[in-house]
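Welcome! Let's take a friendly walk through a structure together. Have a look at it below, and then read on.

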Amino acid sequence: MDLYVVQFLTGLANAASLFLVASGLSLIFGVTRIVNFAHGAFYMLGAYIAYSLTVRWQTPLGFWAALLVASAAVAVVGVIIETLLLRRIYNAPELLQLLATFGITLIAEDAVRLIWGPEDLVGPRAAGLSGAVSILGNAMPIYDFVLILLGPLVFGLLWLLLHRSRWGLLVRAATQDRDMVNALGVNQKWLFTGVFALGVFLAAFGGGLQIPRDAVTHFMDLSIITEVFVIVVIGGLGSIGGAFLAAIIVSQLNAFGILILPGISLVLMFAVMAVVLVLRPWGLLGKQVVRSRIAALPDVGAWKPFDRTGRLAVSLAVFLAVLLPFLLGDYGISVASEVMIAIIFAISLQFLMSVGGLDSFGHAANLGLGAYGAALCVQYFGMSMELAMLTGPLIAAAFAVVAGWFCVRLSNIYFAMLTLAYAQILWSIVFQWVDLTGGDNGIVGVWPSEWAASPNAYYWLTTACAVGVVLAIRYLTFSPFGYSLRALRDSPMRSATIGISQRHIQHVAFVISAFFAGLAGVLFAFQKGSIFPDALGISTSVDGLIMVLLGGFNTVSGSVVGAVVYKVSSIWLMSNTDFPRLILGSVIVVLVVLFPQGIVGTSQRLLETWRTRRRLGEANVGAPAQKGGVA
Amino acid sequence: MSDALLTVENLSKSYQGVKAVQGVSLAVAPGELLAMIGPNGAGKSSCFNMLNGQIKPDTGRIRICGKDTTGLSPERISRLGVGRTFQVAETFLSMTVRENVQLAIQSARHGTLSLQSFFGNLGRKSAAEADDILDLIGLLGEAGRSCRELPYGDIKRLELAIALAGDPKLLLMDEPAAGMATRERMLLMRLTSRIAKERQLAVLFTEHDMDIVFEHADRIIVLNRGQVIAEGPPVDVRMNADVQAVYLGSGALYKQEH
Ligand SMILES: Nc1ncnc2c1ncn2[C@@H]1O[C@H](COP(=O)(O)OP(=O)(O)O)[C@@H](O)[C@H]1O
Ligand SMILES: [Mg+2]
C-alpha cells in the first residue's frame, strides 16, 4: 500500500515537467496549427542552459533564476526560428512542417554536442530543496513536492493568462476559429510569434525542472517528444486542460507500469492512446481540426503511367544498374546495395504518402519488423535466406494489419503521430526484451545464402528486388485500387459519395506498404549480417521521409531518385564529418523552404511548363485559343 | 406518397445548440425535380449532408428506394444509387476528367476492393461509358485533360457527370450551378431536367436563381431557419405570403416577372 502512495506521488511529480512541455506544444498547435517536432529540442536546450547556470548560481534563489533565465534565452531562440523559418511554412503541408521542425531538432542535437560535449551532465540538486521527507516509511525528495505543486500552479497561471487578458482572448479566438485569425490581419504575425515564444518558454522550463532529477543528455529531446506527442494526442491537440489531464494519466501509467514490468509503461501508454483515439479521435478534451491537405498540394497535372520514352529511360537505367558491378569495387557495390534497399524502403513509403496522402512518421516500424522477423527466424529456426525473405515481410504486414486498423481511423497529423508512436513502442520493446532480441547488442550472424554471399551477387539480388518492388508499386498506383487510394487523398468527400470506403482502402494500402518495407528490412539485415534497434528508430523513419521529399512527394516514384541522392550523400557525409546531424538538419530545412517539390517534382514541373508553352505557341499559330483556356 | 423514391420524415439536426434543421419532411418521386430553396443558412446543405449520410441526423427517418438509410455511411448510401454534387465542387484533381468519371463507374460496378481492382487499369469498357456521359454533359472535348486545368464552370459540370456515372436513381444536387455564369446555369439545369425525365431520376436540388427554379422544378420546398415554411407547385409557392416575407427586400421572387 505504502509503495503505491509513493509511486502515485512520484507520478504526479513527473507529470509537472511533462505538462509544461505538452501545454507549450498544444498552445502552439492551437494557434499556428504546426506540430512542433522541435519542442523536444527546446526542452533539451532549456535543460543544458539551465545546467550551466545552476552550476554557477547554487543558491535557492539562484536555482529558480537560472531556470527562468535559461527558458527566456531559449524562447529568444524560438522567436528567431519562428520569424526566420516557420513563418514561411505556416501554409505548407503538415509533412513539411514536421520535417522542418525535425531538422531543427537535428541541428540542436549537434549544436548541444558541440557546446557541451557528448557526455551526460549531472546537475546539482535544487539548493534549499535537496532534502527528503519520509512518507509512510519511504523517503520522498522535497523537490518532488515542489513539482507536484508547480504543475497545477502553472496550469492556473496559464488559465488566467488565457481567460483574463486581452492577449489570452485573442489566443483562444484564434484556436477556436481560423477565420478569426485571418481577420486579425497584421497582428496575426505577432500573435503567432508570441504564442510560439510562450510555448518554447514552457518547454525549456520543463527541461530545466528535470535537472535535479535526471542527467542532462543529448537524447532527451527525442524521448520527451514521443511522450509529449502521446500526451497531446490523448488530451486533445490545442487543449491545455487536456494536456494537464493526459500528463497525469501518462505519468501514473509510467509510475505504476514499472511495478508490473519494466518497459511495459510505453506499451500501456500506447494502448491508452489507441483506445482514446478510437473512442474520441480528437482526444479527451480536444476539438476536431479541419484542415484540407489539397489546398497545399503543389499544382501538377494528372498522374500518368510512363509513356514510351519514359519506359525506355527506365529500362536504360535498370540496364546500367545491372552493369554497375563491372564498374565499381566491393565497397562501391556494397554502397550500391544499400541504395537499392533504400529505394525499396522509400518507394513503399511513397505509396502510402504520395498516393494515399498518409504521412507516416513510423515507417521504420515496418522495416524493423521485417528485419527482426527475418533475423529471429534465422536465429531460432535456422531458416534459409530465401524463406526469410518471405516471412520477414509477412510479419511486418501482419503487425500492420493490427496497427493499421487503428491508424487509418485518423487523419493528417494524428495519423503521423500514431504511426510515430507505433514505431517507438516497437523500438522500446525490441530494446528492452533482451532475452528475445538481444536488446542493444542486436542479433548477429544473419548471413545470406551462399549463392548470394558475394557483394556482386547480393547487389544483383537487391537490384532485382528493387526493380520488382518499384514496378509493382507503380502498377498498383495505376490499378483501380491505386486510383481509389488517390481519390481518397484528393477528395475524401467525393470518394465517399461514389462508394469508396476510406478505412478499407487505406488499411489495405497500409499493409501493402508495410510488406514492401519489411522486404527492405530483410535485405538490410542480411546485408549487414546483423540487426540493431536503431533500425526501428525515428531517424530511420525520417530517412524515408527525406528520400520521398527529396525526390518529390507529389510524384509517383520520385523517391527512387531521392533515395539514390540521399543515400549516397549521407554515406559520404557520415565518413567525412563529425557533425552529420547539423548538416542533415540544415539540408532538411533548406529543402523544405526552398525546394519543397523535390528533384523529380521540380523537373516534372519545368518539363510541363515547357510543353504547355510549346503547345500554346502552336495553338496560337493555328486555331484561336480554346474557350476557358489553359490555366 | 407511396411510390416516392426518397421519403424523409421529421429530420432534425443541431450543431452545438444551433438548430440547423428542424422537423423537415419531404418526398421525391422518380422523374420528379424537387427544388429546395431558402436563404443562406436555412439548412439546405445540412439536409443534403444527412440525406447522403455525411452527417447523422439527430431525429428523423430517411428512406431511399424503400430502404431505411438513416445513419448509414455515404458509401453504403451511394451504392443504393444515390449521386450527389457539392456546393463547392469536389473532384479528383490529380486525375483526368475521364478518369474521374471512370473511377465512379468502376466503384459503382465492382466496388473498389474486389480482387480484380488490384489488376489492370481503369479499363477500356468504362472509358467508353465515361465518354458517353461526358458527351451528354458536353465535356467530351476535355476528357483527356487534367481536372486541375479546368475552369470552375466545367468542374461543376464534371461533378454532375460523376454523379451520373453509377446510373443513380436519385440525384442530390446542392447548388449545382454555384459559381457559374447565368447562361451556363440555365443550360446545366435544362440538361439535368432533361436527363431526369429521360432516365426517370428523382432529383432534389437547391438553386439561388429563382428563374431557374420556377422553370425547372416540378415542386418547391421552402426552408427558413431550418423549418419548412411552404411546399407545393411553383405557382402556389410564389403566391405564399410567408415565402414572400422571407424573400422580401431581395426581390428574388419577382425578378422573373419582368
Ligand atoms: N459543421 C457545422 N458546425 C456548426 N454549425 C453549422 C455547421 N454546418 C452548418 N452549420 C450551421 O447550420 C445552419 C445551416 O447551414 P447550412 O445547412 O449550410 O445552410 P444552407 O446550405 O441553407 O446555407 C447555419 O446556421 C450554419 O451556420
Ligand atoms: Mg448551402
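How many residue pairs are in polar contact between chain A and chain B? In this predicted model, the count is 15 residue pairs, both partners being at pLDDT 80 or more.

## Where the two chains meet

Several helices of chain A take part in this meeting. Helix 18 (455-477), helix 19 (480-490), helix 20 (492-497) and helix 21 (502-528) of chain A each supply at least two residues to the side that touches chain B. Helix 19 of chain A gives the most, with eight residues. Sorted by class, the side of chain A that touches chain B has 21 nonpolar, 13 polar and six charged residues.

In total, 40 residues of chain A are in contact with 39 residues of chain B. The size of an interface is often given as the accessible area lost when the parts come together. Here, the area buried between chain A and chain B is about 3,300 Å², and carbon and sulfur atoms give 57% of that. On the chain A side, Pro480(A), Tyr483(A) and Arg494(A) lose the most area to chain B, together 21% of what that side buries.

## One salt bridge

The rule finds one salt bridge across the interface of chain A and chain B. The side chain of Arg494(A) meets that of Glu159(B) in a salt bridge, at 2.5 Å from N to O.

## Two domains in chain B

Now turn to chain B, whose domain assignment gives domain 1 (1-81 + 168-258) and domain 2 (92-167). The C-alpha centres of these domains of chain B lie 26 Å apart. Between them, domain 1 and domain 2 of chain B bury about 1,200 Å², with 65% of it on carbon and sulfur atoms.

What joins the domains across their interface? The rule finds zero salt bridges there and one residue pair in polar contact, both at pLDDT 80 or more. On the domain 1 side, strand 7 (170-173) and helix 6 (182-199) of chain B give two or more residues each, and helix 6 of chain B gives the most, with seven. That side divides into 11 nonpolar, two polar and five charged residues.

## How confident is the prediction?

Chain A averages a pLDDT of 87, and 94% of its residues score at least 70. Confidence in chain A is highest in helix 21, at 96, and lowest in helix 7 (residues 178-183), at a mean of 66.

Over residues 292-296 of chain A, the pLDDT is below 50. Residues 621-631 of chain A also stay under 50. Where pLDDT is low, the predicted coordinates should not be read in detail.

Key. Residues are numbered from 1 along each chain as its sequence is written. Chains are lettered from A and ligands numbered from 1 in the order in which they are written. Side-chain values use heavy atoms; hydrogens and water are left out. Contact means heavy atoms within 4.5 Å. Buried area is the accessible area (1.4 Å probe) that two parts lose on being put together, summed over both. A salt bridge is a side-chain nitrogen of Lys or Arg within 4 Å of a carboxyl oxygen of Asp or Glu. A polar contact is a pair of N or O atoms within 3.5 Å; within protein, one must be able to donate a hydrogen and the other to accept it, and residues adjacent in sequence count only if both atoms are side-chain atoms. Helices (H or I, at least four residues) and strands (E, at least two) are DSSP runs, numbered from the N terminus. Ala, Val, Leu, Ile, Met, Phe, Trp, Tyr, Cys and Pro count as nonpolar, Asp, Glu, Lys and Arg as charged, and the others, Gly among them, as polar. pLDDT is the predictor's confidence in each residue, from 0 to 100. Domain bounds come from an automatic or database domain assignment.
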